[in-house]
Amino acid sequence: MIICRTAKSFVQARQASGIPEAETGFVPTMGALHDGHLQLLARSRVECRQSVVSIFVNPTQFNDPSDFAKYPRTTETDIDMLQAAGCDILFLPDVEEVYQAGDHFPEHYDLGRLESLLEGAHRPGHYQGVCKVMHRLMRLVQPGSLFMGQKDYQQCMVVQKLMADHNLHARFVMVPTIREADGLAMSSRNRRLTPKQREIAPAIYREMSAIAANIDKGNYRELEKQAADKLLQAGFAHIDYVSIADARTLEPAEPGTETGNKVCLVAAFLGEVRLIDNLPIP
Ligand code: AMP
C-alpha cells in the first residue's frame, strides 16, 4: 500500500500505477475504521482494479466543534487495517492540503430540500462541508467508481446530487449497512459509548424494525412518535427525529407512498453521542 500525504504525490502514485482512472474505486472515510468501512473497500476490490481509500477528518462538516475535537483518530491502526485489507493507495492529507488557497470551488452548494430535511435541518452547514470536501476529493481522485455507505443514506443522496450538478462522473455504489450482531450499525462514534450506553444503543435498530413490521398498521406520524417514546424510555437522552420518509425525496411518507420506496431514518443522542441509522422498508 502506498501512503500519500499530498495531492501531488497522490497524482504521481496514480500515474506510476499505470491503471486508468476509470478502473479505480474510491472509498472516502474519516478514519477510526471498522468493518463497515472495510466492506466498502472489499466491494471496490471486487469491482475495480485499483482501490483508493482516503482518511480525512473534515473540519468543515462538523457543525459542533466539540464533536470534531472528540472525533476518534486511530491512524496507526487504520493504516494496519487497510494494509491487511488490500488497499492500494491511502490518501492521508492534512487540512491545508485539502483546502489549498487558490483552488476554485463554490462557496455554496445548492442542495434543495435535502438541506432542510432531517440531517440537513438538524446539522446546519453539515452537508455544505460534505460537498466542499467531496468536490475536492473527487476532482483529485477522479475514480471510475465511488463507494459510500447506506448508513449515511441522506449523505448518499447529497453526494449524488453534487456529482450530477458538478460533472463529477463516476459510478455511485451504495453499500448496505454493516451491523453488529445485536443490530447496532457500525460507526466510529460507537467507540465513545460507555458500556451501559452500548447496551442501550441497539434499541434504534429494534424500533426501526418494529416500524417496518407494523407499517401497514398505523398512522405513520403515530408510529414515529411511538418509536421516539420507546427510545427515550430505553435511555436515549434526546431524539432529533424518527422519520418514515419517501426514499427518493426524504419528505415524510404517507401510506399512499409506493411499496419499496420508503425508508425509516433515526437520529438520537445517547448521552452526548449522536447516532444515526436507517432501514429501508420493504
Ligand atoms: P465515515 O468515516 O463515517 O465518514 O464513513 C465513511 C464511509 O463509510 C461512508 O460512506 C459511510 O456511509 C460508510 N459507513 C460508515 N459506517 C458504515 C456501516 N456500518 N456500514 C456500511 N458503510 C458504512
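## The antiparallel sheet

Ala245 stands opposite Val263, a residue of strand β8. This pair is a starting point for reading the structure, which is a predicted model. Strand β8 covers residues 262–270, and eight bridges join β7 to β8. The two strands run antiparallel.

Which strands make up this sheet, and in what order? It is an open sheet of three strands in the order β7-β8-β9, and the pairing is antiparallel. The strands β7 (238–246) and β9 (273–281) stand at the edges. Each of them has a single partner strand, so one side of each is left without a neighbour in the sheet. From one strand to the next, the twist averages 10°.

## Helices across the antiparallel sheet

Helix α10, residues 203–213, lies across β7, β8 and β9. Its direction is at about 25° to β9. Helix α11, residues 220–234, lies across β7 and β8. The angle between α11 and β7 is about 150°.

## The parallel sheet

In general, the strands of a sheet pair through backbone hydrogen bonds, and the pairing is either parallel or antiparallel. Another open sheet in this model has six strands, in the order β1-β4-β3-β2-β5-β6, and its pairing is parallel. The edge strands here are β1 (2–4) and β6 (171–175), and each pairs on one side only. Neighbouring strands of this sheet are turned by 25° against each other on average, with direction ignored.

Strand β3 (residues 50–55) and strand β4 (residues 89–91) pair in the parallel sense, over three bridges. Ser54 stands opposite Phe91, which is in β4.

## Helices across the parallel sheet

Which strands does helix α1 lie across? Helix α1 (residues 7–17) lies across β1, β2, β3 and β4, and runs at about 165° to β4. Helix α4 (residues 75–85) lies across β1, β3 and β4. The angle between α4 and β3 is about 170°.

## The ligand and its shell

There are 16 residues around the ligand. Those that come nearest are His37, Gly149, Asp152, Ile178 and Met186. By class, the shell has eight nonpolar, six polar and two charged residues.

Where in the chain do shell residues come from? Strand β2 (24–29), helix α2 (35–47) and strand β5 (145–149) each supply at least two residues of the shell. The largest share, three residues, comes from α2. Strands β2 and β5 also belong to the parallel sheet, where they stand next to each other in the strand order.

## Polar contacts and cover

Which part of His37 lies 2.9 Å from an oxygen atom of the ligand, side chain or backbone? A polar side-chain atom of His37 lies at this distance. For Met30, a polar backbone atom is 2.9 Å from an oxygen atom of the ligand. For Gly149, a polar backbone atom is likewise 2.9 Å from an oxygen atom of the ligand. The ligand on its own has 480 Å² of accessible area, and the protein covers 92% of it.

Notes: Residues are numbered from 1 along each chain as its sequence is written. This is a predicted model: local features need pLDDT of at least 70, side-chain atom pairs count only at pLDDT 80 or more; totals for chains, interfaces and linings use all residues. Side-chain values use heavy atoms; hydrogens and water are left out. A residue is near a molecule or strand if one of its heavy atoms lies within 4 Å of it. A polar contact is a pair of N or O atoms within 3.5 Å; within protein, one must be able to donate a hydrogen and the other to accept it, and residues adjacent in sequence count only if both atoms are side-chain atoms. Accessible areas come from the Shrake-Rupley method with a 1.4 Å probe; for residues, only the protein chains shown count as cover. Helices (H or I, at least four residues) and strands (E, at least two) are DSSP runs, numbered from the N terminus. Ala, Val, Leu, Ile, Met, Phe, Trp, Tyr, Cys and Pro count as nonpolar, Asp, Glu, Lys and Arg as charged, and the others, Gly among them, as polar. Two strands pair if DSSP finds at least two bridges between them. Axes are lines fitted to C-alpha atoms, for helices over the stretch in contact, and angles run from 0 to 180 degrees between N-to-C directions. Contact means heavy atoms within 4.5 Å.
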